[in-house]
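Biologist: Could you take one part of this model and walk me through it closely, then carry on to whatever else you can say? Please spell out the cut-offs as you go.

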Amino acid sequence: MEAIVIGSGIGGIATSIRLAHKGYRVRVIEANSYLGGKLSFFELDGYRFDAGPSLFTMPHLVDELFQLVGRDPKDYFEYVPLEVACKYFFPDGIQIDGFANTSRFAQEIESKLEVPAHVVENYFANAEMKYRYTKGVFLERSLHKLSTYLTRDTLLGVLNLYRLGLFSSLNEVNEKRLMHPHLVQLFNRYATYNGSNPYTTPGIMNLIPHLEHGIGAAFPRGGMFEITGSLGRLAKDLGVEFSLNTPVERIVVEGKKAKGVQINGEFVPADIVVSNVDVVPTYRHLLPDQPAPEKILEYERSSSALIYYWGLDREFPQLDLHNIFFSQDYAEEFRQIFETGTVSEDPTIYINITSKYEPGDARPGGENWFVMVNVPCNTGQDWETLRETTRGKILRKLRPMLNTDVEAHIVAEDYLDPIRIEQRTGSYRGALYGASSNDRMAAFFRHPNFSRKIKNLFFCGGSVHPGGGIPLCLLSGKIVGDLVPSVEVPYQYQPELKQEVAV
Ligand code: FAD
């Protein structure tokens with residue numbers, strides 16, 4: 001049984017490992033000259049930058065893939081738990097260390113904001129409860145199979161529906177549970193972890209802080225790319241074949257069955273096809289003659305980002321791996337992004353500096369800054385102008401907060417914007433996380449991990465169920481692995497003999 005996975009994003013690589021483990025002979029076909037899609041890296045004038053994701057939560061989902069095939073994760077991939085998940089800087093000068101440990105974080109908040117520690121501890125307990133009741137239904141199974149609704153997890157979720165915060169916005173939940181505007185802003189920020197608006201996304205999203213502080217955030221040794229890099233090495237060890245620089249032109253369908261793909265005008269057969277490409281271009285470009293699920297494809301996209309990669313010639317000891325410089329008016333910032341479709345006058349700035357953990361990522365005495373602001377997805381804005389004006393806003397905002405003219409220290413520079421994100425990864429409108437989650441029904445408007453109309457066609461990655469971000473893309477691979485038909489004669493690659501055999 002042969003499987004083709006189109007795209008080598010984290011979801012595609014994870015799926016390839018699951019399919020190889022199930023006994024398929026797997027080929028991953030990637031348009032770019034490199035693996036990883038959004039989760040890739042580049043080097044510039046003595047600095048190394050992770051191109052896209054910078055925050056790594058739920059590392060056990062990566063470990064799980066090595067363990068699944070009987071390997072020791074440590075032979076491939078190492079990560080260190082973070083002591084401080086994020087440093088927060090507010091415009092009034094208040095600074096909070098977001099300790100990964102929830103009790104320590106609660107103490108820090110009590111000392112800085114005079115909010116009793118139990119308020120934050122209760123908040124995390126509530127987040128943990130929501131995660132427990134929903135993960136089995138919303139994250140680990142297909143939402144589109146009847147069998148999902150006949151489980152104990154679903155029953156528990158339904159019985160606790162009123163406690164899940166589905167009927168209020170995240171901001172409303174936070175205003176009710178937290179007692180200080182800075183705390184509300186801090187916990188509203190978690191909506192951006194799936195590209196949503198805290199003022200409209202449902203309150204159930206307050207389970208996200210549990211992923212960062214309860215389960216824990218980590219830093220992968222060697223940088224974020226090591227997640228895709230190490231999983232790519234594992235896949236190759238299992239005999240998965242990778243074809244780079246190879247854009248797939250069509251998914252070939254005959255008699256309502258996926259039969260393979262077309263590359264360079266040639267037909268390449270397969271028993272199953274998995275698309276790791278964003279679901280919109282999958283239908284529009286790879287399946288142009290098939291009926292498309294228009295409602296799903298037209299659903300509002302998540303936010304995108306403007307990223308400035310700055311190589312600096314000095315260090316900033318007051319900063320950590322993850323740093324946030326908040327805006328004065330968070331509601332206005334999200335109104336600009338999701339209603340006006342532009343970049344806020346006063347954007348919240350995120351700075352990631354991997355050279356804090358990997359000094360070799362920057363020139364000696366310098367730092368590699370990944371500076372990001374949330375922006376709308378591309379609907380035809382003038383990105384060249386927005387990029388220039390936003391760069392100026394960031395530098396003007398950082399000057400008093402860091403007491404430094406940061407621009408004077410930039411010695412290497414590049415950028416990423418929604419146009420480049422779409423060009424480099426195929427993400428529709430340059431959205432970071434596929435569809436937004438700005439509605440309580442959003443989870444049901446994500447495309448399933450299989451096609452209802454075309455047999456043997458499956459979907460993984462950030463634009464389909466269960467959603468965007470590294471952990472959910474890894475889970476999409478797990479769901480596809482559970483959905484594909486079993487293999488009667490498994491394919492096995494024997495690395496010691498460098499041989500391919502059917503056993
Ligand atoms: P993608 O990475 O979207 O890759 C799809 C692949 O398909 C690409 O390699 C593309 O070249 C290939 N492809 C497309 N068309 C074809 C074709 N026709 N033929 C062959 N190949 C094709 N997530 C987090 O968890 N934490 C973060 O901190 C975080 N920050 C982010 C910051 C940025 C700037 C970005 C862009 C994303 C961020 N994310 C973050 C989201 C995360 O990166 C994505 O959800 C995840 O990497 C998407 O993986 P994927 O499997 O959907 O594939």
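Modeller: Start at the N-terminal end of H12, which Asp329 caps: one of its side-chain oxygens sits 3.3 Å from the backbone nitrogen of Ala331. That's a polar contact, meaning a pair of N or O atoms within 3.5 Å; within protein, one must be able to donate a hydrogen and the other to accept it, and residues adjacent in sequence count only if both atoms are side-chain atoms. Helices here are DSSP runs of H or I with at least four residues, strands are E runs of at least two, and both are numbered from the N terminus.

Keep in mind that this is a predicted model, where local features need pLDDT of at least 70 and side-chain atom pairs count only at pLDDT 80 or more, while totals for chains, interfaces and linings use all residues. Residue numbers run from 1 along each chain as its sequence is written, and side-chain values use heavy atoms, with hydrogens and water left out.

Back to H12, residues 330-340: its buried residues are Tyr330, Glu333, Phe334, Gln336, Ile337 and Phe338. Buried means under 20% relative accessible area (exposed is over 50%, partly exposed in between; 1.4 Å probe, protein chains only). Looking down the axis of H12, they fall within an arc of 165°, so they line one face of the helix; the arc is taken over directions from the helix axis to the C-beta atoms. Helix H7 (181-188) and strand S18 (367-375) are among what covers them, with contact meaning heavy atoms within 4.5 Å. After H12 comes Gly341, with a positive phi near 75°.

Now the ligand. Of the 33 residues around it, Glu30, Lys38, Gly462, Gly469 and Ile470 come nearest; a residue makes the list if one of its heavy atoms lies within 4 Å. Taken alone, the ligand exposes 1000 Å², and the protein buries 92% of that (Shrake-Rupley areas, 1.4 Å probe; for residues, only the protein chains shown count as cover). H15 gives the most to the shell, with 3 residues.

Val487 is buried, at 13% relative accessible area. Not counting residues up to four places away in sequence, Val487 touches Met1, Lys22, Gly23 and Tyr24. Met1 is 486 residues from Val487 in sequence, but their C-alpha atoms are 6.5 Å apart.
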